[in-house]
Amino acid sequence: MEHAVQVENLVKRYGSFTAVDGVTFTVDRGEVFGILGPNGAGKTTTLEIIESLQKPTEGRVSVLGLDVQSHAAEVKALIGVQLQDSAYYDYLNLKEILALLGSFYPARTAPEPLLEQVGLLDKAASRVAELSGGQKQRFAVAASLVNDPELVILDEPTTGLDPQARRNLWGLIREVNQRGVTVVLTTHYMEEAEVLCSRLAIMDHGRILALDTPRNLINQLEASYTVKLTMDHPMTVAQLETLNGGVEVIQSGEQAGEESGTENTYTLRLANSPSALKTMLDEIAKAGLGLENLQITPVTLEDVFLELTGSELRD
Ligand SMILES: Nc1ncnc2c1ncn2[C@@H]1O[C@H](COP(=O)(O)OP(=O)(O)OP(=O)(O)O)[C@@H](O)[C@H]1O
Ligand SMILES: [Mg+2]
C-alpha cells in the first residue's frame, strides 16, 4: 500500500531565501508523524505544500498516492487540516461552522458527534470568540475532522496551552489516531513529540537533521545520562579527570555554580554504558571526595536537539 505522505527532495524558495532546503521523508499510514523544530525551521511551509496550499519550488509530494500538484482538489477532500492560525466566521456558532465546513466536502461528519468527541458539545451554540485558548485548539481539531479524513495535519496543535489542556489534546489526538487516521503534526515541545509520535523528523534551517523513533533518536546519543554533582570541596582538575572515564564535563565549578547557586557543582555526561555510573561513584569514594548532592537525569530529546543543532529549542 502506498504511503500516507511521500515527500521527495522538496525545496521552497522565497526569492533568494530558501525556507525548505531539500527535504525527503515518508509517512506510513496509521502513524503519528512529528516534525520538531524551532521558529522558522520550515515546518509550516512543508505542511502547506503537503496540503497543496503552496507550490514547491522543486521536488515532489504525494498524499495517499496522489500527486498534490496535479490532484490538489482530491487531496484536499481526503485530508483534514488545522492551520497554525485558523480564522473562523465569528458570526456563526460552533455547530453552524462545522455544518458549513462540512458542506464543502462530499463526505462529512455531523457537527454534534464531532463536538462531543472534542468535549465541546455544551458549547455548540457558542461562538469561537467565547472559547478559551484550549477550547479553541480543540475546536480546530474538530474542524479538521469534518470531512472524515484519512490523514489529518495539525500545525502546532498545543502551542499556548497549559499543561493539563495539552495533555487533554494529546488524548484526543491519540483517539483520532486509534480510529485509523494518520496524523502529521508539528511541535516545539520535546515531551509532546516523545509521547505522541511514532516517528519524528528534527528540522532546522529548512533541513531534516535526523529522522527516527523518539527512542532511537535518544539512544543514538553517546551519552545516556546527565549527572550533576555537588561536592563538599572544589575538585582539582586531576580529580575531575579521574571521574572522567568516558565522561564529558559540560560545566564545572563556578560556571555551573552560578546557575545552581551552589559552588562546587559539576555537570557531567555519562557514557551510554550501564557501568559508567558505578565507575564514577567508585572513583569518588576512592579519592575520598565528599559528595553533597547527586542528580541523575536520563538524556531527553532536548539533548538530542542540542547535539544536532547546537542550540536550545526556542519556544
Ligand atoms: N510567504 C513567505 N515569504 C517569504 N518568506 C517566508 C514566507 N513564508 C515563510 N517564510 C520564511 O520561511 C521560513 C520558514 O517558515 P515556516 O513558517 O515554515 O517556519 P516554521 O518552522 O513553521 O516556524 P514556526 O515554528 O515559527 O511556526 C521562515 O524564515 C519564514 O520567514
Ligand atoms: Mg509554523
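Biologist: Where does helix α5 lie?
Modeller: In this predicted model, helix α5, residues 133-144, lies across β6 and β7. Its direction is at about 160° to β6.

Biologist: And which strands does α1 lie across?
Modeller: Helix α1 lies across β3 (32-36), β7 (151-155), β8 (182-187) and β9. The helix runs at about 155° to β7.

Biologist: What is the strand order in the open sheet?
Modeller: The six strands follow the order β6-β7-β8-β3-β9-β10, and their pairing is mixed.

Biologist: Which strands stand at the edges, and why is one side of each left without a neighbour?
Modeller: The edge strands are β6 (79-82) and β10 (207-212). Each has a single partner strand, so one of its sides has no neighbour in the sheet. From one strand to the next, the twist averages 15°.

Biologist: How many bridges join β9 to β10?
Modeller: Five bridges join β9 (residues 199-204) to β10, and the two strands run antiparallel. In one of the pairs, Ala201 has Leu211 of β10 as its bridge partner.

Biologist: Finally, how many helices and strands does the protein have?
Modeller: The protein has twelve helices and 14 strands. Of its 315 residues, 35% count as buried.

Technical notes
Residues numbered from 1 in each chain as written. Chains lettered and ligands numbered in written order. Predicted model: local features only at pLDDT ≥ 70, side-chain atom pairs only at ≥ 80, totals over all residues. Helix = DSSP H or I, 4+ residues; strand = E, 2+ residues; numbered from the N terminus. Buried ≥ 20, exposed ≤ 12 C-beta atoms within 10 Å, placed from the backbone. Pairing = 2+ DSSP bridges. Axes fitted to C-alpha atoms, helices over the stretch in contact; angles between N-to-C directions. Contact = placed C-beta atoms within 7 Å.
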